[in-house]
Amino acid sequence: MKKTMALSIAVLLACLMLAGCGGDKAAGADAKGGVAGTTWVLDSIEVAGQKVSGADMTTIVGEITYQFKDGGELTATVAGVEGTGTYSENGNKISIDDGTQSVEATIDGDTMTFDIEGMKMVFVKK
């Protein structure tokens, strides 16, 4: 059951992350420091009260990461598939955009948390 739930979450996560990180660069994306030059790896996912560790997700689908580059560009990797996009920072919030949609995360030290439609994803700085 745990592996089935983890696999379902992985598929949902892959769709959300790669849909949010494909396509053209967003105009005007400009990193102002902060996460530029860092890589973040999935630590856990929680959906409907069910929590799956990043280690379990890695076992099932491979490592899930965000790599933030200078100039507001990023690469997301899910199950060995890479997608690109842009990001911008405003205080402790980071917005990831593909030019058609964006998702927002909150950064607290070495932890980045997304709350997307009832799914909480926690990433840690690698």
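The legends below describe views of a predicted model of one protein chain.

**View 1. Fold of the protein chain.** Two helices and nine strands make up the secondary structure of the protein chain. Their order along the sequence is α-β-β-α-β-β-β-β-β-β-β. Among contacts with a separation of 6 or more, 58% join residues 24 or more positions apart.

**View 2. Confidence along the protein chain.** The average pLDDT of the protein chain is 80, and 73% of the residues score at least 70. Residues 1-8 have a pLDDT below 50, and this stretch makes nine contacts in the model beyond near neighbours in sequence. The pLDDT is also below 50 over residues 15-33, a stretch with 48 contacts in the model beyond near neighbours in sequence.

**View 3. Surface and burial.** The protein chain has 126 residues, of which 40% count as buried.

View 4. Met 112 lies in strand β8, which spans residues 111-116. Met 112 counts as buried because its relative accessibility is 0%, and the cut-off for buried is under 20%. Beyond its neighbours within four places in sequence, Met 112 is in contact with Trp 40, Tyr 66, Phe 68, Ile 94, Ala 105, Thr 106, Ile 107, Met 121, Val 122 and Phe 123.

**View 5. Met 112 and Val 124.** Along the chain, Met 112 and Val 124 are 12 residues apart. A distance of 6.2 Å separates the C-alpha atoms of Met 112 and Val 124.

Conventions:
Residues are numbered from 1 along each chain as its sequence is written. This is a predicted model: local features need pLDDT of at least 70, side-chain atom pairs count only at pLDDT 80 or more; totals for chains, interfaces and linings use all residues. Side-chain values use heavy atoms; hydrogens and water are left out. pLDDT is the predictor's confidence in each residue, from 0 to 100. Contact means heavy atoms within 4.5 Å. Helices (H or I, at least four residues) and strands (E, at least two) are DSSP runs, numbered from the N terminus. Buried means under 20% relative accessible area, exposed over 50%, partly exposed in between (1.4 Å probe, protein chains only).
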